[in-house]
Amino acid sequence: MNPRIFNQGDVRWASLPYPKDPWTVKSDGCGLCAVTHCAIELTKYWNYTPKDTISFMRQYATNGNGTEWVGIDKGLEKYLGNYMRHYSMSSFWAEVEKGDRVGVILFGSNIAPDGTQWTKGGHYVAFVDYKYESGQHWLYTKDSSYRHLDGWHSYERSMKGCIPNVLWTAKIMKNGWKKEGGYWYYYDNGALVKN
């Protein structure tokens with residue numbers, strides 16, 4: 001997992017127009033950051049930042065509303081080569097349980113069972129890892145907002161009731177060390193590396 005987490009308010013890109021002045025990455029760039037968080041999970045985009053993806057993503061931003069849904073589609077397709085849009089949690093879980101998936105969640109303003117509030121409006125957050133543990137679905141999130149809700153979150157405790165609209169998944173190539181069937185293997189962009 002790429003450890004970098006991008007904040008919309010980072011001075012390196014916060015004031016860049018998204019799509020044009022007076023709207024900026026700081027105010028409307030959560031979709032841009034979420035797609036970038038997914039892209040950097042691939043080796044070829046490992047060092048990218050929102051400054052590298054903004055020229056493509058800007059065409060799918062609207063004044064005062066950030067990234068359109070089709071922009072998330074197009075961004076995942078461009079940088080990961082694929083995507084699936086989900087309108088139900090059952091479809092979403094069926095896909096992430098296949099493994100090697102990243103994606104984007106569109107949060108609404110509701111408050112989760114444990115009191116977590118992801119946004120007061122609409123907000124895109126990337127997830128870059130998944131596990132099922134102790135009867136709960138866990139997602140590793142990267143949140144570009146000032147809330148910094150980064151890290152492992154249980155859907156049942158911290159997200160349930162907060163995802164009213166849509167979610168996206170994209171398959172990523174295996175990279176790095178993976179434990180499979182009790183043995184460790186090293187992958188480089190999906191290819192098993194052998195000595």
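Two residues are said to be in contact when heavy atoms of each lie within 4.5 Å. The structure examined here is a predicted model, in which local features need pLDDT of at least 70 and side-chain atom pairs count only at pLDDT 80 or more, while totals for chains, interfaces and linings use all residues. Residues are numbered from 1 along each chain as its sequence is written, and side-chain values use heavy atoms, with hydrogens and water left out.

Leaving out residues up to four places away in sequence, Thr-119 touches Phe-107, Gly-108, Ser-109 and Arg-147. Thr-119 sits in the loop between strand S4 (101–107) and strand S5 (123–133); helices (H or I, at least four residues) and strands (E, at least two) are DSSP runs, numbered from the N terminus. Because its relative accessibility is 6%, Thr-119 counts as buried (buried means under 20% relative accessible area, exposed over 50% and partly exposed in between, with a 1.4 Å probe and protein chains only). The side chain of Thr-119 also reaches the backbone nitrogen of Gly-121, at 3.0 Å.

Another loop residue is Ile-163, placed between helix H6 (155–159) and strand S8 (167–171). With 15% relative accessibility, Ile-163 counts as buried. Beyond its neighbours within four places in sequence, Ile-163 is in contact with Met-89, Ile-105, Leu-106, Phe-107 and Tyr-155. Gly-182 is 19 residues from Ile-163 along the chain, and the C-alpha atoms of the two are separated by 36 Å.

Next comes Thr-67, which belongs to strand S2 (residues 66–67). Thr-67 is buried, at 5% relative accessibility. Its side chain makes a polar contact of 2.7 Å with the side chain of Tyr-18. A polar contact is a pair of N or O atoms within 3.5 Å; within protein, one must be able to donate a hydrogen and the other to accept it, and residues adjacent in sequence count only if both atoms are side-chain atoms. Setting aside neighbours within four places in sequence, the contacts of Thr-67 include Tyr-18, Leu-32, Met-57 and Ile-72.

Helix H2 (residues 30–39) and H4 pack at an angle of about 25°, with axes 10 Å apart; axes are lines fitted to C-alpha atoms, for helices over the stretch in contact, and angles run from 0 to 180 degrees between N-to-C directions. This makes H2 roughly parallel to H4 (under 35 degrees is roughly parallel, over 145 roughly antiparallel, 65 to 115 roughly perpendicular and the rest oblique). Gly-31, Val-35, Cys-38 and Ala-39 of H2 make the contact with Ile-72, Gly-75, Leu-76, Tyr-79 and Leu-80 of H4.

Helix H3 (residues 50–57) and helix H4 (residues 69–80) pack at about 120°, their axes 11 Å apart. H3 is therefore oblique to H4. Here Asp-52, Thr-53, Phe-56 and Met-57 in H3 meet Gly-71, Lys-74, Gly-75, Lys-78 and Tyr-79 in H4.

The axes of H2 and H3 come within 9 Å and cross at roughly 115°. Gly-31, Leu-32, Cys-33, Val-35 and Thr-36 in H2 meet Pro-50, Thr-53, Ile-54 and Met-57 in H3.
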